[in-house]
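Here is a short briefing on one protein chain. Keep the structure open and look up each residue as you read.

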Amino acid sequence: MAQQTSPLTLIQHTGRWYFPLAFVARLPFAMMVVGVLTLVTEVHGSVALGGLASAAVGIGVVIAGPFIGDAVDKFGQRKVLVPVGLVNGLLLAAFPLVVFAGASTGIVLGLAALIGLSAPQAAAMSRSRVIAIIRDRLLPQQRQRTYSRAMSYESAADETAFVIGPFLVGIFASFLAPWAPVAIAAALSLVFVTAFALHPTARATSSEAEEAVERAPFTAVLRPRVMVLVGGTFAIGFFFGAVLTSLTADMEAQGEGSQAGLLYGMLGIGSAALALAAAALPERFSQRWRWLVFAAVMTAGSVAYATADSRSATVVALLVMGLGVGPALVTIFSLAGHRSPAGRSTTTMTMLASGLTLAQALASAITGAVAERVSVDVALVLPVAAAVLLVVLGGLNVAIERGERSSGAASAAGSGLGPVPVADDREPVLAGASVPGATTASDALTDGAGRS
């Protein structure tokens with residue numbers, strides 16, 4: 001049952017400690033891929049093997065992600081996230097012991113995959129909570145502006161976590177020990193993910209979980225309008241992994257491999273700032289064009305990165321890439337908030353997050369192998385390929401939107417309603433809230449017409 005609306009702000013509904021807690025709960029997820037990569041590389045002296053271990057984490061995430069998201073949409077976040085977070089923390093704690101014990105490659109890769117299978121995707125669940133609160137508890141006149149700001153913050157928090165995670169891994173590995181980042185991620189998962197799971201905001205999605213009659217079928221998540229967004233986060237994840245691993249290989253060749261995480265932090269300075277500023281962009285600069293523009297900025301920065309001939313040039317290139325990747329991530333997750341099928345917000349957000357993590361891990365494995373078996377210079381070019389893929393997917397997204405608009409106009413004409421506009425990507429549809437059971441903007445139009 002929908003909650004009663006009130007004039008309170010989003011933060012008044014969540015409580016002032018919710019967002020800091022949700023941010024810290026993201027860190028184990030952001031640290032695990034890089035922590036596994038760093039630990040295995042340091043112990044075994046092989047970037048390729050470290051990349052394979054991090055890829056195993058990503059494969060586990062993408063296999064389990066949709067199932068965890070579906071379970072959350074059915075049973076609520078608390079019943080799923082508490083056991084998942086505890087199991088993940090214990091597996092992370094065991095990983096350094098297994099690696100240092102000289103376990104076989106198969107055991108190391110298998111345990112890495114289990115870490116991915118149990119990964120607590122706090123970012124996806126936080127977005128679902130925020131969307132549900134905005135949709136069900138805020139006044140209608142508050143929703144659009146709050147939604148835009150909230151999605152900008154959530155993406156900036158993701159971007160910051162994905163940068164701070166490797167940064168912390170670099171610091172802990174450099175000043176403590178190679179096992180420290182994974183051990184600290186284990187502690188964060190056990191304590192903060194559990195606290196996040198038990199926070200009162202978890203009830204915000206419970207009504208959606210209880211009202212199964214309004215939940216769209218899982219196949220609705222597999223429609224092109226959603227899967228193109230999963231492709232977009234996959235491209236960004238590949239970009240992250242290719243940049244980090246190629247940078248690690250480059251620094252390793254200079255005898256400073258543990259410093260790569262610190263240098264990688266340069267990517268996040270402009271990225272987090274621009275992600276937060278995305279809420280201030282004018283509405284006429286629509287989401288579909290933001291995707292293309294910021295993907296082009298990423299491409300230009302990655303070309304500069306691949307051709308940099310000094311440390312300062314590399315830093316500048318990383319800063320430029322950050323100017324594109326932050327707003328691009330905001331854009332794609334904002335579109336996901338609009339396009340999530342009814343009752344499938346957590347499933348949708350989890351699939352996007354899974355695509356991001358899988359791609360980051362696969363990129364780590366591929367880039368590590370290229371750096372070790374071909375050359376570091378070739379590895380430095382792989383972020384360009386990821387950025388170009390994001391541009392191509394942005395063009396595909398434009399084509400999908402135009403196709404939906406055409407089909408929506410045709411449906412309206414056939415029903416005798418005349419030219420009725422289809423909701424575009426600037427309107428806060430908020431996961432099918434406008435028309436319960438509708439799974440796309442054109443479905444909402446048709447469903448609404450049928451009931452009028």
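Start at A361, which sits in helix α15, residues 345–373. The model is predicted, so every value here is computed from it. A361 counts as buried because its relative accessible area is 0%, and buried means under 20%.

**Around A361**
- Which residues does A361 touch, leaving aside its neighbours within four places in sequence? The contacts of A361 are V33, G51, S54, A55 and G58.
- A361 and L52 are 309 residues apart along the chain. Their C-alpha atoms are separated by 8.0 Å.

**Around R127**
- R127 belongs to helix α6, which covers residues 122–137.
- Is R127 buried or exposed? R127 is buried, because its relative accessible area is 0% and the cut-off for buried is under 20%.
- Neighbours within four places in sequence are again left aside for R127. Its contacts are then M151, E154, S155, D158, F333 and M349.

- Helix α3 gives the most, with 3 residues.
- F67 lies in helix α3. F67 is exposed, because its relative accessible area is 61% and exposed means over 50%.

**The whole chain**
- How many helices and strands does the protein chain have? There are 18 helices and 0 strands.
- The protein chain has 452 residues, and 59% of them are buried.
- Take the contacts between residues at least 6 apart in sequence. Of these, 84% join residues at least 24 apart.
- The chain exposes about 16,700 Å². Carbon and sulfur atoms supply 67% of that area.

**Confidence in the model**
- The average pLDDT of the protein chain is 76. A score of at least 70 is reached by 79% of the residues.
- Where is the pLDDT below 50? One such stretch is residues 207–213. Beyond near neighbours in sequence, that stretch has 15 contacts in the model.
- Residues 411–452 also have pLDDT under 50. For residues 411–452, the model has 72 contacts beyond four places in sequence.

Terms used
Residues numbered from 1 in each chain as written. Predicted model: local features only at pLDDT ≥ 70, side-chain atom pairs only at ≥ 80, totals over all residues. Heavy atoms only, no water. Helix = DSSP H or I, 4+ residues; strand = E, 2+ residues; numbered from the N terminus. Buried < 20%, exposed > 50% of the residue type's maximum accessible area, 1.4 Å probe, protein only. Contact = heavy atoms within 4.5 Å. pLDDT = per-residue confidence, 0-100. Areas by Shrake-Rupley, 256 points an atom, 1.4 Å probe, with all protein chains shown as cover.
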